[in-house]
Amino acid sequence: MFKVVYIYTMFAAVTLTRGFTSQVLWCGQVRTIRTRSSTRSASVCWPKKLSRLSTSRKVSWGVCNNHKNADFGHRIDDEQDEFSETYHHGDVVVSSKTTSSTSASSLEGLVPGANEGFFVVKVYKTDPSSDFDLKEIETMVEANERDRLELSPKNITVPLALMLLDPDEYPSRSRARKACRKANIMIHRGPLRTDGSGNDEKTVFDSEKCLRARVGDRVFPGDVLAKQVRMGMGGFPVLNHKKPPFDLPVIYEDDHFAIVNKPAGVVVYAQRKGGHGVMTVRAALPFAVQPSKVGTYSTLRRPQPVHRLDKPTSGLLVIAKTKPAMVHLSHQFRDRKVKKTYMAIVNGIPQEPVETTISSKEAYGMGVDVDPDGTQSWQLIDHPLDEKSAVTIWRSVKYTKSLVAEDNYVTLIELKPKTGRYHQLRRHMAWVCQRPLVGDTEYDGGGTTAMQLRGRGLFLCSNRVTLEHPFYTSIEEEADRKNRDMLWTAPDGKVMVTASIGLPEKFESFMMHEEERYE
């Protein structure tokens, strides 16, 4: 039985006890904490200092700058002064109003984790005088597993302890084991100690008793478990490779994610068997984007691409700098909420049948990034690929004369994929429209005209992307000034980001060259 459990989050320190119902203040509102196995009471109190860190992207906290007299130990403070719109704790004022990241950039007062760059955001205390509840554990694991793990009232594994302590965050053993493997769990052997100020409450961590929790580690009554996450330290780890010999322009960037312009001919990730060396976007990212500010919540060790672009494709690539941003952006791509626009040049004049023509309003209703009041007509391709639905909306933008192309023309087209199948745009234009992309060595058929247009790479560029910001809730209060022109607020209040680039220089020069040769 766990008699008392302390949870220290970026919002509050919460004392939990089984068997009662109470309420928790959460972002200016009072809510009841409930768990899977029982209802627990919770009293809310604020730690001495809170950086602008949040486990929920919809909440952030402002910290007053006058904190010279505050006590910054590695501790959890259990005093509770006020419950009102603004909460005072010593010289620190915490309110539900959001603030810029520069107002709370220090990591002072946060408990260092067992791994370098990690800090504690949740703490769970077990009662040294009470045994573990084996009856509840029996509902979590099968009998043969209990025997194999050698569980006892005074000795259980870390994953099972996490499931007992926080069933909402760790509803399964796989979730708890994953947290251990990602170095997100720390064990403090034995109870915490007092801070020496006369307060009998044990709130101070002893670094000599802290260790990273492994899946097979044991938890004993009196041990303290803590969730630790990587915080922004203002830099990237030391790299063991030099800067790749290509530029990676940054189009948009803040502390949470970035959008870069990938050059053609560069892969996003190296192959499993190697062969690319440092000629990858992933290797170039630490040299291109800026580290998140000190104190940014749950930063990635290195920035990571959220999606992929083919090697011969150039254009906008979304990069995550924090774990919450990676999850949120990945879900947007999975749920097809990200609106992408591509420009391409095709060999010949693609046909535009009346039966597949749709208006801008109809295209907008399908969820692509077009002006619903526009006068342009669009072509709809609804043709499955690999036995999966695949939808592309496109239109012709410019026709350029050519001596060697089909129909003696090459056509600049704009494409807006609704789905994201493998080589969708290339296959749709080659197979459905019978007009492959210029330079597409895989789908251009290898005919005479196709071979004559090869040699300058694939003419496909991702030049515009619109998505929901993974963290910001207000443009005015949180957004960096240099990015204001790319941010806008949707009718439902969400902060959106729209980044765009012009046509690559090779597009313009190719069409000019073809026209000059024709004349």
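User: Anything to know before we start?
Analyst: The model is predicted, so local features need pLDDT of at least 70 and side-chain atom pairs pLDDT 80 or more, while totals for chains, interfaces and linings use all residues. Residues are numbered from 1 along each chain as its sequence is written, and side-chain values use heavy atoms, with hydrogens and water left out.

User: Lys 262, buried or exposed?
Analyst: Lys 262 is buried, with a relative accessible area of 0%; buried means under 20% and exposed over 50%, with partly exposed in between, for a 1.4 Å probe and protein chains only.

User: What does the side chain of Lys 262 reach?
Analyst: The side chain of Lys 262 reaches the backbone oxygen of Thr 313 at 2.8 Å. The backbone oxygen of Val 266 lies 2.7 Å from a polar atom of that side chain.

User: Switching topic. How many aromatic pairs are there?
Analyst: The structure holds five. Rings of Phe, Tyr and Trp (its six-membered ring) pair if their centres lie within 6.5 Å; planes under 30 degrees apart are stacked, over 60 edge-to-face, the rest tilted. One of them is Phe 459 with Phe 510, centres 4.7 Å apart and planes at 40°, so tilted.

User: Which residue lies over the face of Phe 459?
Analyst: Lys 506, at 4.7 Å from the ring centre. A charge counts as over a ring if NZ of Lys or CZ of Arg is within 6 Å of the ring centre and within 35 degrees of the ring normal.

Definitions and conventions: Polar contact = N/O pair within 3.5 Å; in protein donor to acceptor, adjacent residues only side chain to side chain.
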